[in-house]
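I opened the model to look up its surface patches, strand pairing and salt bridges. My entries follow.

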Amino acid sequence: MERKGRGAWRERWRWIASMVALILFWSRASAQIRYSITEEVKEGTVVGNIAKDLGLDKSTLKERGYRIVVGSTESFFQVNQNDGMLYVNRKIDREEVCERSRVCLINLKTVLENPLEIHYVAVEVLDVNDHSPRFSENESRLEISESALPGLRIQLQAANDPDVGQFSVQEYKLSHNDHFRLEVKDRGKDGKIPILSLLKPLDRETQKTHRLLLTAIDGGKPGRSGTAEIIADVLDVNDNMPVFTKDTYSVRLDENSPIGTTVIQVNATDLDEGSNGEIVYSFGNNVNSRIRQLFRVDPNTGEIIVQDLIDFEVEESYEIDIQASDKGPAPFKTDKCVFVNIVDLNDNAPEIEVTSFSRAIPEDSRPGTTVALISVNDKDSGLNGKVICSFNEDVPFTLSPSTQDNMYSLVTKIPLDREKQSVYDVTIVAKDAGVPSLSSEKAISIVLSDVNDNSPEFSLSPYTFYVTENNSPGASLFSVRAYDRDEGDNSCISYHILRDGSEDNKLSFSLNINPENGDILALKSFDFESLKTFQFQVVASDSGTPSLSSNVTVNVFILDQNDNAPVILYPVSANGSAEGVEEIPRNVNAGHLVTKVRAYDADIGYNGWLLFSLQEVTDHSLFALDRYTGQIRTLRSFTETDEAEHKLVILVKDNGNVSLSATATVIVKAVEPKEAFAASDVKSAAQDDEENNVTLYLIITLGSVSALFLISIIVLIVMQCSKPTDYSSKYLQDANYDGTLCHSIQYRSGDRRYMLVGPRMSIGSTIVPGSNGNTLVIPDRRRASGEIK
């Protein structure tokens with residue numbers, strides 16, 4: 001026996017395991033897991049291993065933010081992200097959650113992110129027999145005429161049991177008596193209705209009142225029960241019952257019908273006369289409080305009238321028991337059921353719910369990236385509940401329908417660019433197919449997060465700066481600026497100078513740059529006489545990952561300062577001093593060229609423009625000095641009273657802001673013509689040699705300067721031809737020498753021409769402010785004619 005019992009027990013467990021496996025297989029196949037629990041279980045009770053049943057990796061649940069989507073039923077359950085188990089969060093009263101529904105399902109939406117997944121879980125709450133049947137009244141009084149015939153059926157007040165299924169009221173029992181028996185009518189969803197049936201005629205004189213005990217029993221094991229006392233009063237002679245004119249009453253009623261609307265009128269007749277034949281209409285004994293709240297019955301006309309809001313979404317139909325009673329001393333009552341079918345109207349706008357939303361997405365997200373999950377619900381039915389979602393503006397997103405009804409995915413449609421638009425305010429419009437159509441809107445803001453997709457851009461390209469020579473080492477000369485259209489670290493810019501070690505870029509080692517603000521400083525002082533222009537490159541890099549960079553060419557022009565004093569080239573004595581002796585015949589006429597003082601200034605422009613003046617002379621009436629050429633000429637002929645030797649001290653100074661100068665001394669001796677001719681031959685030969693040496697020096701100097709300028713012109717031409725810019729430079733040397741060595745440099749920047757001038761300026765030239773008076777703006781000969789003299 002024991003072995004046989006164990007075998008039966010094993011067979012039972014195998015059957016249970018097979019059924020569980022079948023249920024799990026069916027759940028997975030239907031793409032929805034379904035669990036069952038009984039109501040009133042304790043908090044913390046395990047519902048099921050949801051991670052295992054969905055095939056999810058338990059170690060990733062917390063990282064992917066596995067949770068139940070917030071809703072009206074969310075508080076009943078919770079998901080443990082550590083073990084993937086679904087737990088009961090608080091006690092569940094099935095009668096509170098589902099009222100009288102036969103199947104009580106709690107639907108849950110669970111969401112995982114990265115990537116986004118949504119799963120549906122249904123939890124069926126099973127009923128337990130925790131309520132006893134209960135009558136609304138403990139005592140019910142009936143009035144029955146003594147003339148009532150056997151077979152009289154009286155509908156009694158049914159007992160109410162909140163439990164459903166087998167735990168609801170299953171049977172009624174009536175205490176033993178000789179005149180009545182109990183019948184039970186099954187009304188489907190309304191349960192079983194007890195009906196008191198008369199077995200044999202009543203005799204009021206024998207027994208005026210019959211007391212019966214009605215017991216309602218549910219189907220639990222053990223069963224629960226409730227009782228009510230039925231008091232039947234026997235009345236005298238009213239032997240005709242009211243009869244309704246129709247066998248069935250059915251009507252259609254639009255929801256939201258105005259209060260006071262007549263639904264239908266019922267009519268009953270009674271063959272009796274007088275008060276026994278007058279009919280009064282009322283609700284049947286079994287009409288619940290909800291129907292009594294929505295409708296009322298006119299007791300005189302039998303009209304059923306609306307007295308509260310009728311909502312199709314709450315109840316689609318009503319079965320209303322109407323009772324017709326006469327006014328006899330012992331009224332006869334007849335019940336008739338009226339079927340009221342509610343017609344749905346489009347009175348509910350769609351409801352939009354954002355179940356999952358990524359508020360910020362990278363701007364480089366590919367088209368088709370999911371931004372949010374949208375759930376749409378319309379309480380109406382049929383076409384009134386069919387919803388279409390769209391946007392009310394042109395946005396780079398689209399709504400993709402899901403496999404679930406009224407579920408949409410908001411996805412990107414085209415590539416996005418944060419620098420063009422960083423935030424999109426999207427309005428989702430849900431519109432049903434009813435007539436007239438109803439719609440609702442939901443606004444969400446989608447933020448684009450930055451990625452490093454923009455290189456730094458310089459405000460100018462190339463840069464051109466002018467630096468005065470003799471600058472202070474370590475002082476800031478100028479600065480370059482770049483900006484980045486990205487944000488955050490992607491737009492944080494650092495600067496450095498490109499140093500490649502090439503010969504053209506060797507001067508970059510003489511510069512330094514502030515990596516934060518682009519300020520450039522020189523590590524040494526520049527000398528215009530040895531360096532007139534150079535260029536280098538600055539690189540701007542952002543702090544993004546990976547870092548992006550761009551570079552710019554910086555052209556630097558050195559401006560001259562008056563830092564060189566004039567140098568006397570002639571006269572020069574053997575010991576190197578600026579002294580000389582000139583002998584002229586006494587018979588020379590006025591205007592005779594005595595000699596010419598020659599000088600040189602290494603500076604250019606006004607700084608190299610030399611002027612000559614007589615600082616000291618023995619006779620102002622005899623000699624004159626040309627202030628521009630340095631020529632000394634006689635103003636008149638010599639007389640016998642004039643001295644034979646004259647000393648002239650010539651001051652040579654430049655035109656700088658702070659003028660520099662040098663002096664030369666010329667001794668003029670007036671001799672007799674024969675002596676002058678003899679001396680002139682010797683002196684002419686020596687002077688020729690000296691002038692030849694001076695000319696050689698001048699040629700070497702001018703050749704060096706010309707070669708330097710020519711190289712600069714070639715470099716600048718090559719540089720400008722390789723860059724698409726309006727910038728160009730051209731250097732021209734004016735080698736016109738009329739006794740004073742000076743420089744004239746012309747160059748172009750954009751549509752303006754500049755010249756560093758010597759002793760003479762062209763008419764119409766203007767001095768550029770801040771150029772130490774050395775730079776002139778020359779009218780463009782393409783637009784106006786001019787001459788530089």
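**Entry 1**

I checked E441 and found it exposed, at a relative accessible area of 57%. My cut-offs are under 20% for buried, over 50% for exposed and partly exposed in between, with a 1.4 Å probe and protein chains only. The model is predicted, so I kept to its limits: local features need pLDDT of at least 70, side-chain atom pairs count only at pLDDT 80 or more, and totals for chains, interfaces and linings use all residues. Residues are numbered from 1 along each chain as its sequence is written, and side-chain values use heavy atoms, without hydrogens or water.

E441 sits in strand β31, residues 439-449. Strands are DSSP E runs of at least two residues, helices are H or I runs of at least four, and both are numbered from the N terminus. I looked up the partners of β31. Strand β30 (residues 423-432) runs antiparallel to β31, with nine bridges. T427 has A443 as its bridge partner in β31. A hairpin of six residues connects β30 to β31. Strand β25 (residues 360-362) runs parallel to β31, with three bridges. There P362 is bridged to S449. Pairing requires at least two DSSP bridges between two strands.

**Entry 2: Patches**

E441 also belongs to a negative surface patch, together with E393, D394 and D425. Patch residues have over 30% relative accessible area and no salt bridge; like charges are joined within 9 Å, nonpolar side chains (Val, Leu, Ile, Met, Phe, Trp, Tyr) within 5 Å. I then found a nonpolar patch of about 290 Å², made by L710, I714 and V718. V718 lies in helix α5, residues 673-721. V718 is exposed, at 55% relative accessibility.

**Entry 3: Salt bridges**

How many salt bridges does the structure hold? I read off 15. Each needs a side-chain nitrogen of Lys or Arg within 4 Å of a carboxyl oxygen of Asp or Glu.

R34 pairs with E124, with the closest N and O atoms 3.3 Å apart. R34 is in strand β1 (residues 32-38) and E124 in strand β7 (residues 117-126), so this pair ties together parts 90 residues apart in sequence. R34 is partly exposed at 31%, and E124 is buried at 17%.

E183 and R153 meet at 3.0 Å, N to O. E183 is buried at 19%, while R153 is partly exposed at 46%.

D186 and K192 meet at 4.0 Å, N to O. D186 is exposed at 53%, and K192 is partly exposed at 23%.

Last, I noted a salt-bridge network that links R418, E419, D450 and E487.

Note on methods: Accessible areas come from the Shrake-Rupley method with a 1.4 Å probe; for residues, only the protein chains shown count as cover. Lys and Arg count as positive and Asp and Glu as negative; His and the chain ends are not counted. The place of a charge is taken as NZ of Lys, CZ of Arg, CG of Asp or CD of Glu.
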